[in-house]
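Hi,

Here is the structure I promised to pass on. Have a look at it first, and then read my notes below.

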Amino acid sequence: MVSAPSMPAISCEGESQWVQVAVVQSCPVVFDGPESTCKACRLVAEAVAKMDEATGGSSPARSSESGSSSVKNRLVVFPESYIPAYPRGLSFGAVVGSRTAEGKTTFEEYWRNSITVPGPETEALGRAALESSVWLVIGVTERFSKGTLYCSVLTFGPDGILKAVHRKLKPTGSERLIWADGDGSSLNVVTTPFGVIGSLICWENYMPLARMALYSQGIDIYIAPTADSRDAWQSTMQHISLEGRCYVIGCNQFVKLSDYPEHLQSQIVLPSKVVSAPSTTTPTSTTTNTPVNSSIIVTPQEPDRDTVLCRGGSVVLSPHGEILAGPLFDKEGILVTQFNMSEITRARYEFDPVGHYSKPEVFSLTVDVKSHTPVTKATGSTS
């Protein structure tokens with residue numbers, strides 16, 4: 001049995017409610033925290049305008065009736081580390097055994113443009129959520145101390161209040177140079193009037209136990225801000241929607257080299273191109289008897305300001321694995337769709353990962369939800 005976190009009380013209030021979602025695929029003002037925050041606030045208003053347009057101009061509807069013309073529950077989602085940007089392509093001057101002075105300066109600049117939580121940027125984002133009457137979920141790089149950053153997701157309510165912070169449990173690869181590990185204290189969800197929402201960030205979504213921790217909390221809308229724009233990522237999003245029988249929102253950035261400040265463009269390490277070289281003979285595979293290339297040439301890409309560093313791939317899926325919006329590739333844009341929360345119950349009739357399709361007498365998961373700090377002050381007698 002999943003012992004922590006425990007399953008929340010079941011409520012039927014949101015089952016027939018419609019939810020309207022806007023997924024913002026955009027490039028921030030790279031390495032500029034204040035300007036990225038301002039852009040995010042502007043895009044919240046733009047997303048609401050698109051949602052109004054989709055529902056015939058209501059702004060926003062307050063009707064209690066269900067249906068596409070009277071959606072009152074609205075959710076706006078932004079990508080991973082939208083503020084101050086996902087630093088794709090930067091090495092921060094690190095190789096095994098040494099770090100360069102230039103790399104340390106780049107880290108200091110990234111740290112300086114990251115945000116404190118709470119802080120002025122969260123106040124601005126909360127006002128944007130309040131003014132537009134939306135639930136807002138946005139990825140940020142959170143400044144914790146003078147040397148430590150977290151990759152975090154913030155969730156704001158339509159009252160403008162910061163409801164939850166989730167810190168990425170395990171940064172991937174070179175992300176570990178700049179982001180610290182989160183702990184189980186932020187492996188959380190938020191209960192809204194229309195259902196339970198929560199997030200895992202990028203490759204956290206490959207962690208089966210982390211997903212199970214969210215399923216155990218009754219997650220209905222699973223939000224996955226990411227920096228992964230591979231085609232294969234779409235399969236991950238579809239799998240989660242089917243495994244969790246929940247709505248899944250994947251949100252990514254669209255970024256070109258020219259979006260980076262001039263002084264950082266020369267530091268970007270571009271992916272290599274793999275080129276198949278024709279051979280003088282045509283060998284065949286011993287297993288498939290089909291022609292294969294005899295050699296592969298790997299060459300670095302030529303620097304080009306129009307080089308796309310991240311092509312996006314934002315998508316929304318139903319609890320049955322059906323694509324409701326997207327995937328959006330190769331451009332900025334805002335996906336808008338809506339869905340009925342009653343579809344979740346229909347989907348879990350067939351499969352409920354923490355209900356009738358679990359085997360608590362065979363499998364168990366314990367989640368440590370305590371906050372862990374490096375120093376604990378003990379009190380008591382010294383005699």
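**Two helices side by side**

In this predicted model, helix α1 (residues 33–54) packs against helix α3 (residues 120–132) at an angle of about 10°, and their axes are 10 Å apart. Angles under 35 degrees count as roughly parallel, so α1 is roughly parallel to α3. On the α1 side, the contact is made by Thr37, Ala40, Cys41, Val44, Ala45 and Val48. The α3 side brings in Glu121, Ala124, Leu125, Ala128 and Ser132. Sorted by type, the residues of this contact come to 8 nonpolar, 2 polar and 1 charged.

**The chain and its confidence**

The protein chain has 383 residues, and 50% of them count as buried. Its secondary structure comes to 7 helices and 17 strands. If you take the contacts between residues at least 6 apart in sequence, 72% of them join residues at least 24 apart.

Average pLDDT for the chain is 88, with 83% of the residues scoring at least 70. Residues 1–5 are below 50, and that stretch has 17 contacts in the model beyond near neighbours in sequence. The other stretch to flag is residues 59–69, where pLDDT also stays under 50. The model has 22 contacts beyond four places in sequence for residues 59–69.

Which side chain does Gln20 pair with? Gln20 is in strand β1 (residues 18–25), and its side chain joins that of Arg74 through a polar contact of 2.8 Å. The relative accessible area of Gln20 is 0%, so this residue is buried.

Asp228 sits in the loop between β10 (221–225) and α5 (231–244). With 7% relative accessibility, under the 20% cut-off, Asp228 counts as buried too. Its side chain makes two polar contacts that I noted: one with the side chain of Trp203 at 2.9 Å, and one with the side chain of Arg230 at 2.7 Å. Setting aside neighbours within four places in sequence, Asp228 is in contact with Cys202, Trp203, Tyr206, Trp233, Asn252 and Gly312. Arg311 is 83 residues away from Asp228 in sequence, yet the two are 9.0 Å apart in space, C-alpha to C-alpha.

Most residues other than glycine have a negative phi, and most peptide bonds are trans. Here are some exceptions for you to look at.

- The peptide bond from Ile83 to Pro84 is cis, with omega near 0°. Pro84 lies in the loop between β2 (73–77) and β3 (94–95).
- The bond from Val117 to Pro118 is cis as well, again with omega near 0°. You will find Pro118 in the loop between α2 (101–113) and α3.
- Phe92 is not a glycine, but its phi is positive, about 55°. Phe92 is in the loop between β2 and β3, and is buried at a relative accessible area of 8%.
- Ser133 has a positive phi too, near 55°, and is likewise not a glycine. Ser133 is in the loop between α3 and β5 (135–143). Its relative accessibility is 15%, so Ser133 counts as buried.

That's what I have for now.

Cheers

Notes
Residues numbered from 1 in each chain as written. Predicted model: local features only at pLDDT ≥ 70, side-chain atom pairs only at ≥ 80, totals over all residues. Heavy atoms only, no water. Axes fitted to C-alpha atoms, helices over the stretch in contact; angles between N-to-C directions. Helix = DSSP H or I, 4+ residues; strand = E, 2+ residues; numbered from the N terminus. Parallel < 35°, antiparallel > 145°, perpendicular 65-115°, else oblique. Contact = heavy atoms within 4.5 Å. Nonpolar A, V, L, I, M, F, W, Y, C, P; charged D, E, K, R; others polar. pLDDT = per-residue confidence, 0-100. Buried < 20%, exposed > 50% of the residue type's maximum accessible area, 1.4 Å probe, protein only. Polar contact = N/O pair within 3.5 Å; in protein donor to acceptor, adjacent residues only side chain to side chain.
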